[in-house]
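Here is a short briefing on selected local features. Keep the sequence and the 3D view open while reading.

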Amino acid sequence: MTEFQIRLRSNLFRAVVLLVFVVLATQLWNLQVVQGERYSKLADANRFRLIQVPASRGVMYDRTGELLVRNRPVYNVVIIPAYLPEDATAEAKIFARLSELLDLPITTQVEPTLGYNNGYFQAITHHQYNRQLRRQIVNPRSRQFARKPLGLRDAANQNRVYAPFLSVTVATDVDPITVSKIEEARLNMPGVFIEVEPSREFLYGSLTSHLLGYTGSIPAEQFDQYDAKGYHLTDEIGLAGLEGEYEDWLRGIKGLESIEVDVTGRKVRTVSQNIQARPGHNLRLTIDLGLQKAVTEALQEQMDEVGSKQGVAIALNPQTGEILAMVSLPAYDNNFFSRGITLRELSLLSEDPNNPLVNHAIAGLYPPGSTFKIIPAAGALQERTVYPDTTFFDEGILYLPNRFEPDNPDLAQPFYCWLRTGHGEVNMISGLAYSCDVYFYQVGGGYEPIEYEGLGLERMVRYAEMFGLGAPTGVDLPGELSGLVPNKRWKRLNYAETWLTGDTYNMTIGQGFVLVTPLQILNATAAIANGGTLYRPHLVKEILDAEDNVVEVYEPEVIRQLEVEPQFINLIQQGLRAVVEWPQGTAHEDFDVPGVIASGKTGTAEFCDEYPQCLDSDGRVKTSHAWFTAYAPSYNPEIATVVFIYGGGEGSTVAIPVTNKILRYYFDIPDEEEIEETEETEEVESVEAEESGATPLPAGIFTARLLGTDSWREDGASVSGYVLDEDGRGIPNITIDILANGDVVAQVVSGSTGQFDYNGLSPSVAANWQLHLPDYPESQLLQLEVAEGLRYLVEFKSQSAGSADAAIP
């Protein structure tokens, strides 16, 4: 090779190298300067992401601040196909490890010829849902096999081509130990991520399920409605109970934040918060959790004793409409829904004939029985169709003459009183006390043989609607039913029959076509208890923000004032007190709450679900529901209750024991066993004190006051009262002097609950009587001007020296 050729080749090589460097420099200039901004944006798009930040849902407390529902973190395993390794072997290792940790199959797309030694087959055979393995291998497209969950690879491949960056959830609610193992192996498992989302946890399950409700996915048919409010397809919403009713308050507002991710797609840091997530508001309820437990236990115990499958018990404050406890049995565990209820669990609940998913307190419709009688009583008094001294004679049966042949006694229709021997002369107070059916037949429907018109259907319907029947009470729970207050038009449309006087008779005693919910009956009773105000029952006391600041307070809401004069409401109140206090009252024998003056109304409502098994040998209905509605104390009610036991029998013997336990819990009165133990302890302490020569007495002085009066059916007059400490608890073993014109005529001692009674007051002995505590000479002397036929209700209450001085006139 010549020197020229060598030089030529050298120059050509240099030119080529120079050209390559020029090309590289030009391309570098193009990438870094000309298109630098574009590639910077692409790099940032690959490194930075804008993600949604979930907002926690508001929680709920009872009235004392006890937490009822909270948000529990749930760990879900997701796969983003775009971040999986491109190498098939590396990807297979990830799926194998994930299958081992989650106990899920890698794939369920198995061919019939698949061998037993295949690694994928091993993952499937160990999957918990597989049972008939050989049958599935032979016929992998059978319905049984097709219903099995997708394998890990199958789930990842579903949208791998069209949406590789779309996350696929392969396991939900994974236990924390498994989550920690996955996090430890994160560097060896690219494309696998742990997502944390809140899930509702109802801390008391079935105890509060009908009140709190549950959450779940947005129903498909309602998605457009929620989409317009800013919800997303995967959002959870309240579907029942307070969760559904207060969805707008409880839901949080999601946030947006920019994050930086590493090469595996995992979050490195938060760059900025575009929109800060705002948690939902919290609810403080009117419910007392302790009372709710006591009511549930008392109701369930009584239902088990009588063999009933359904029951309701509610307690509310008659002065405000605040619901203190609401129990409907049977109930369900609302945690089933929050964690994802299975089809089998849902079908078992839905097909249960006792309807555990239904809140029978607001959606159960039943004949009210004699609890309805307060309505015709109020209507008849207000319309002046009866007066306080109007009486009817009850022989145990009332014959309603045939409208076409009134003079033919053989065609007369008999209407029976529950007491077949009759109650004799009955007026309004005794009619309520005895629950006399014959009296109310005539009050409601009249009686033509004595030319008495009665209240009549139209006016009875008007007063029933005035008391809130036939329409929802407006309680803040979804699913409340209206009940039924029938009239002539309703019967004509539904039965093609004319309304008869017998229908009015039946309606007057809460039978026939009239249907109510337990909450309606309780609200009507509360209106009598508080003097004539019908309040809207409610469960939410106030709404709080995330820092527990009060956002909104729910004040008592008045639906209407009853158009019944106070004197007539007072007369009905006397009748309801007589139900409990009079020896012949229907609740007298079974009501047992020492130291509490209560009023109430029993009810026994006949029904027939299975004909003819519900009839006795005489063809009369033998099955009945048990009702009892009450309020206490009678003179300044704090609590009103209703107890309903489906098919329980007589209200007096079945429903009243539940009320006893509710009121004993509310007023902190121990049961009989606790009382016996307390008395034994007190007796021992008393003996020890006598032996030591000292009898300890509470310190301080007492104020005295007259609480009120009611009727006394025996000769003379009576006094009944309590000796209480500063906290309102009864003080035993306190001596009370009874003085007539300044002279001591008797001494009584307060019992274990602080109660004392003296039935020897007489206006003929002295017009002025006094009560005094001799062991406390500085205490107030109580003066009474005694009149015949009255019982005086009094109270001695311990006071500190300063407050007592101010209280004594």
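The model is predicted.

**Helix α21**
- Helix α21 spans residues 488-495.
- Its N-terminal end is capped by N487.
- In this cap, a side-chain oxygen of N487 lies 3.2 Å from the backbone nitrogen of R489.

**Strand β29 and its partners**
- Strand β29 covers residues 768-772.
- Of its 5 residues, 4 are buried, so β29 is largely enclosed by the rest of the structure.
- Strand β26 (residues 735-740) runs antiparallel to β29, and 4 bridges join the two.
- Strand β30 (residues 782-785) also pairs with β29 in the antiparallel sense, over 4 bridges.

**N334 in its loop**
- N334 sits in the loop between β12 (323-329) and α14 (335-338).
- Is N334 buried or exposed? With a relative accessible area of 0%, N334 falls under the 20% cut-off, so N334 is buried.
- Beyond its neighbours within four places in sequence, N334 contacts F202, G205, T208, S209, L212, G213 and Y214.

Terms used: Residues are numbered from 1 along each chain as its sequence is written. This is a predicted model: local features need pLDDT of at least 70, side-chain atom pairs count only at pLDDT 80 or more; totals for chains, interfaces and linings use all residues. Side-chain values use heavy atoms; hydrogens and water are left out. Buried means under 20% relative accessible area, exposed over 50%, partly exposed in between (1.4 Å probe, protein chains only). Two strands pair if DSSP finds at least two bridges between them. Contact means heavy atoms within 4.5 Å. A polar contact is a pair of N or O atoms within 3.5 Å; within protein, one must be able to donate a hydrogen and the other to accept it, and residues adjacent in sequence count only if both atoms are side-chain atoms.
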